[in-house]
Amino acid sequence: QYTNMADRKVIHLHIDGEDYYFGSVSAIYSMFTKEQLGISHGSLRNYGLSSAKPYTNEKLTIKEGTLIASKGDRGKGRM
């Protein structure tokens, strides 16, 4: 549970020397297949991915983190 509504979960995928960032585990599978990743969507979901428990295999590392964003107060109090 995040204390700031502007903070959001982000999924970091490191594969083939490249880094990708997704808003959900499901979004990873819109770009990569289970064969490319070496794990199915259901298995990764059941793994219990968290910031303290990244998933790693011989192909990749997947970590969950928090995207810290501003609160979006832009324009408040301006005329």
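Is L67 buried, partly exposed or exposed? In this predicted model, L67 is partly exposed, because its relative accessible area is 40%, a value that falls between the 20% limit for buried and the 50% limit for exposed. With that settled, here is a friendly tour of the rest of the chain, from its overall layout to a few individual residues.

**Overall layout**
- The protein chain contains three helices and four strands.
- Of the chain's 79 residues, 27% count as buried.
- The accessible surface comes to about 5,800 Å², and carbon and sulfur atoms make up 50% of it.
- Among contacts with a separation of 6 or more, 42% are between residues 24 or more positions apart.

- In soluble globular proteins, nonpolar side chains tend to be buried together.
- Here, the largest nonpolar core has 15 residues, and L13, I28, L37 and I62 are the ones with the most contacts inside it.
- Strand β1, helix α1 (25-28) and strand β4 (60-67) each supply at least two residues of this core.
- The largest share comes from β1, which gives three residues.
- To explore the surroundings of L37, look beyond residues up to four places away in sequence: L37 touches L13, I15, I28, Y29, F32, N57, K59 and L60.

**H12 and its partners**
- H12 sits in strand β1, which spans residues 8-15.
- The side chains of H12 and D19 are joined by a polar contact of 2.8 Å.
- Setting aside neighbours within four places in sequence, H12 is in contact with D19, Y20, Y21, T61, I62 and K63.
- One of these partners, I62, is also among the core residues with the most contacts.

**D16 in its loop**
- D16 belongs to the loop between β1 and β2, the latter covering residues 18-22.
- This residue has a positive phi of about 50 degrees, although D16 is not a glycine.
- D16 counts as exposed because its relative accessible area is 70%, and the cut-off for exposed is over 50%.

**Back to L67**
- L67 lies in strand β4.
- Where does the chain bring L67 and K9 in relation to each other? They are 58 residues apart in sequence, yet their C-alpha atoms are 6.0 Å apart in space.

How values were computed: Residues are numbered from 1 along each chain as its sequence is written. This is a predicted model: local features need pLDDT of at least 70, side-chain atom pairs count only at pLDDT 80 or more; totals for chains, interfaces and linings use all residues. Side-chain values use heavy atoms; hydrogens and water are left out. A polar contact is a pair of N or O atoms within 3.5 Å; within protein, one must be able to donate a hydrogen and the other to accept it, and residues adjacent in sequence count only if both atoms are side-chain atoms. Contact means heavy atoms within 4.5 Å. A nonpolar core is a set of buried Ala, Val, Leu, Ile, Met, Phe, Trp, Tyr and Cys residues joined through side-chain atoms within 4.5 Å. Buried means under 20% relative accessible area, exposed over 50%, partly exposed in between (1.4 Å probe, protein chains only). Accessible areas come from the Shrake-Rupley method with a 1.4 Å probe; for residues, only the protein chains shown count as cover.
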